[in-house]
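Keep the viewer open as you read.

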Amino acid sequence: SEYFKSKQASKTDDTYLAEIRATKQEIRKEKQKLFDERTAMNKTLRETARIEEDLARLENLIKENGRIVFHDIKPEIRPSDNDMIISLSDFHLGISTDNYFGKYNSDIAAERLQQYLSKILKIRELHESENAYVALLGDLLNGEIHFTTQLENRENVTEQIQKSAELISAFIYELSKHFNCVYVNGVAGNHSRTSFKDQVLRGNRLDNLIPWYMKAKLSGVSNVTFIDDNNYDATIGYCNIRGNNYLLVHGDFDGFSESGVSKLVMMLGYKPTAILYGHLHRCSLDDVAGVKIIRSGSFCGTSDDYTVSKRISGSPQQMVCIVNDAGVDACYPINLK
């Protein structure tokens, strides 16, 4: 009896020791997992820190270059009762086309930007506008959204971003010489998507890099201010001008129609004074239940294979609006050669 009892006790002890060993092994496994996770996290942090350091260094270089190129000149502009909204939509920098419907490339884009500036200054002289609000309405680069788009590109996406940011920065700097303040805001367009429409988040658009570059480039110009902090997201911009609310959209998510306006207004919960669009490559103006819907055109017009195949016609145009305390007072569709 004593013998069997001692054997049973030893079995119990053996089971208990086995449980302890198994528990210790599990603890070692969890410890190793934690160590691996910590190693991976440290690697990620190191890589992130290096990226942030590189971006900070790049930003500082852009700022230094901007201060050399763009000197701070504060113009003497008399106060007036109106401001100007300057649309800049569908720049499509990077594409190179030459066909029956038109010709467009980065050199022509730069020339048309100069034409646009000249006509803006004539309108500014006519109305004596005090401030300028530059609305970047998307598709500032041509991107690689379609296979035909990739074939028609003369510059790669990196070059498109850099050239577009440089040209628009110079454009805004010239505006700053003729207005008391130049306010800049914008949204991204569909051409700067990083993947197919249903396979990418709406905020992953390369257009968003251009304002970042421009902020650094124009940081030394005291009367240029970027007002994108109050935007709802990368696809819905907002600005308040003389007490009136204006929305900025590209137009790929929001239709230029009563139903498109209704959906946007109901989602945001208030009725704006006006909504500014791009996307369809032609200027247009309408009124939906007291909301002005204003569409700007494109710099390239109808020239690329995609717009021709979709029969999206329109000459190179941009839209300029004069706004006052009562809202939109006048609209000027600007034709470009």
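## Charge and surface

The protein carries 41 positive and 46 negative side chains, and the centres of these two sets are 5 Å apart. Please bear in mind that this is a predicted model.

About 17900 Å² of the protein is accessible surface, and carbon and sulfur atoms make up 52% of that area. Of its 337 residues, 46% count as buried.

## Overall fold

Seven helices and 13 strands make up the secondary structure of the protein. With a radius of gyration of 28 Å, well over the 20 Å from the globule rule for 337 residues, the protein is more spread out than a compact globule. The C-alpha trace spans about 115 × 45 × 45 Å along the principal axes.

Contacts across the sequence are worth a look too. Among contacts with a separation of 6 or more, 71% join residues 24 or more positions apart.

## A look at helix α4

Helix α4 covers residues 157-176, and its 20 residues should span 28 Å at 1.5 Å a residue; the end C-alpha atoms are 28 Å apart, which agrees.

Which residues of α4 are buried? They are V157, Q160, I161, S164, A165, I168, S169, F171, I172, Y173, L175 and S176. As a reminder when reading that list, an α-helix has 3.6 residues a turn, so residues three or four places apart point the same way.

The buried residues of α4 pack against the strands β1 (83-88), β4 (132-136), β5 (182-186) and β6 (224-226), and also against the helices α2 (106-127) and α5 (209-217).

Terms used
Residues are numbered from 1 along each chain as its sequence is written. This is a predicted model: local features need pLDDT of at least 70, side-chain atom pairs count only at pLDDT 80 or more; totals for chains, interfaces and linings use all residues. Side-chain values use heavy atoms; hydrogens and water are left out. Helices (H or I, at least four residues) and strands (E, at least two) are DSSP runs, numbered from the N terminus. The radius of gyration is taken over C-alpha atoms; the globule rule is 2.2 Å times the number of residues to the power 0.38. Buried means under 20% relative accessible area, exposed over 50%, partly exposed in between (1.4 Å probe, protein chains only). Contact means heavy atoms within 4.5 Å. Accessible areas come from the Shrake-Rupley method with a 1.4 Å probe; for residues, only the protein chains shown count as cover. Lys and Arg count as positive and Asp and Glu as negative; His and the chain ends are not counted. The place of a charge is taken as NZ of Lys, CZ of Arg, CG of Asp or CD of Glu. The expected span of a helix is 1.5 Å times one less than its number of residues.
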